[in-house]
Amino acid sequence: MDKRDIEEIVRNEIVKSVLDSQEFIIAGNWKMNKSKQEVISFLDDVANHDFGDKNKIIIAPPNPYLYLFEEKLRYSKVLYGVQNLFPKESGAFTGELSYAVAKEFGAKYAIIGHSERRTLFDECDILVSKKVRICVQNQIIPILCIGENLDQRRSGDYRQHLSNQIREGLIRISGNELQDVIIAYEPIWAIGTGETASPAQVEETHMFIREFLVNEYGNDLGKDIPLLYGGSVKPSNVKELALAQSVSGFLIGGASLEASTIIEINDILSNK
Ligand code: PGA
């Protein structure tokens, strides 16, 4: 056996042990997509599918479909959440969704501060931090999204930008409440563009974020906050990305729309 064969065997063993043992979060962000009929057929396909016990599947549909999720996923292990919510219980906030309604329909997660909300709807860190706060106060797990644009990546300013977004986003959260937060790193230049960050870039950035979390919030809390990667994740690249250090799972847009693709991604991350 030559050196290359041995390296290949060692690498396969590492891949196997990571995929066999690590629990991944697979979160789908449907954005403004899907008809009612398409949602029903997706739910019929996933509701009774055996995803195994290792990974956590979460889907965030457009709000009107929450009632279908509640109905069809009542006895399923598939979890769901919302793509945004407003930090008030009720009142004169035209067009907004309250955490109370989201909760009533069984949403357990909320994507907060997605880059599309920040750039297209001018969401600032202050509003994002209020949304994170209302989630944590009401037992909805926020998936706080952070990410740099292409200029920030090229200029090298992205580290500063990411640490600011985390610090500001979590400013209303303290101590043990951090156990109820998920962070998703989504470089804007990789969202919906087909251009994924390379596994090396993901690893470097996740390690930086992990170090920042440990320094900022202490080892006990900082080391355990789940850290997702998002941006053009699909079956063909998910395995390589899963091997990057400090990746706890994925926030997936386009590739989360088909039940078969979510099942395929779960199979890959379960080493099936
Ligand atoms: P994408 O979207 O997977 O389609 O790039 C990811 C996201 O916006 O969360």
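## Basis of the description

Helices are DSSP runs of H or I with at least four residues, numbered from the N terminus. In this predicted model, Tyr-158 belongs to helix 8, which covers residues 158–169. The relative accessible area of Tyr-158 is 9%, so the residue counts as buried, the limit being under 20%. Between the C-alpha atoms of Tyr-158 and Phe-93 the distance is 34 Å, with 65 residues separating the two in sequence.

For His-114, a polar side-chain atom is 2.7 Å from a ligand oxygen. In the case of Glu-186, an N or O atom of the side chain is placed 2.7 Å from an oxygen atom of the ligand. Gly-254 contributes through its backbone, a polar atom of which is 2.9 Å from a ligand oxygen. The ligand taken alone exposes 280 Å², and the protein buries 94% of that area.

## Residues with positive phi

Ser-232 is located in the loop that runs between strand 7 (227–230) and helix 11 (235–242). Because its relative accessible area is 15%, Ser-232 is classed as buried.

Lys-34 likewise is not a glycine and has a positive phi, here of about 90 degrees. The loop between strand 1 (25–29) and helix 2 holds Lys-34. With a relative accessible area of 19%, Lys-34 is buried, since the class requires a value under 20%.

## Salt bridges

The model contains 14 salt bridges. One of them joins Lys-16 and Asp-20, whose closest N and O atoms are 2.8 Å apart. Both residues lie in helix 1 at a spacing of four residues, about one turn of the helix. Lys-16 is partly exposed at a relative accessible area of 40%, and Asp-20 is also partly exposed, at 37%.

A salt bridge with an N to O distance of 2.6 Å is formed by the side chains of Lys-77 and Asp-53. This pair links distant parts of the chain, 24 residues apart: Lys-77 is in the loop between helix 3 (66–72) and strand 3 (79–82), while Asp-53 is in the loop between helix 2 (36–47) and strand 2 (56–60). Lys-77 has a relative accessible area of 63% and is therefore exposed. Asp-53 also counts as exposed, because its relative accessibility is 69%.

Arg-117 and Glu-123 are joined through their side chains by a salt bridge of 2.9 Å, N to O. Together with Lys-131, these residues are linked in a network of salt bridges. Glu-123 is buried, its relative accessible area being 7%.

Cys-124 is found in the loop between helix 5 (115–120) and helix 6 (125–137). The relative accessible area of Cys-124 is 37%, so this residue is partly exposed. A distance of 16 Å separates the C-alpha atoms of Cys-124 and Ile-143, which are 19 residues apart along the chain.

## A buried polar contact

Asn-266 is part of helix 12, which spans residues 259–269. At 0% relative accessibility, Asn-266 is buried. The side chain of Asn-266 makes a polar contact of 3.0 Å with the side chain of Asn-55.

## Nonpolar surface patch

On the surface, a nonpolar patch is formed by Met-1, Ile-6, Ile-9, Val-10 and Ile-14, which together have about 510 Å² of accessible area. Ile-14 lies in helix 1, residues 3–21. The relative accessible area of Ile-14 is 49%, which means that the residue is partly exposed.

Definitions and conventions:
Residues numbered from 1 in each chain as written. Predicted model: local features only at pLDDT ≥ 70, side-chain atom pairs only at ≥ 80, totals over all residues. Heavy atoms only, no water. Patch = residues over 30% accessible without salt bridge, like charges linked within 9 Å, V, L, I, M, F, W, Y side chains within 5 Å. Areas by Shrake-Rupley, 256 points an atom, 1.4 Å probe, with all protein chains shown as cover. Salt bridge = Lys/Arg side-chain N within 4 Å of Asp/Glu carboxyl O. Helix = DSSP H or I, 4+ residues; strand = E, 2+ residues; numbered from the N terminus. Buried < 20%, exposed > 50% of the residue type's maximum accessible area, 1.4 Å probe, protein only. Polar contact = N/O pair within 3.5 Å; in protein donor to acceptor, adjacent residues only side chain to side chain.
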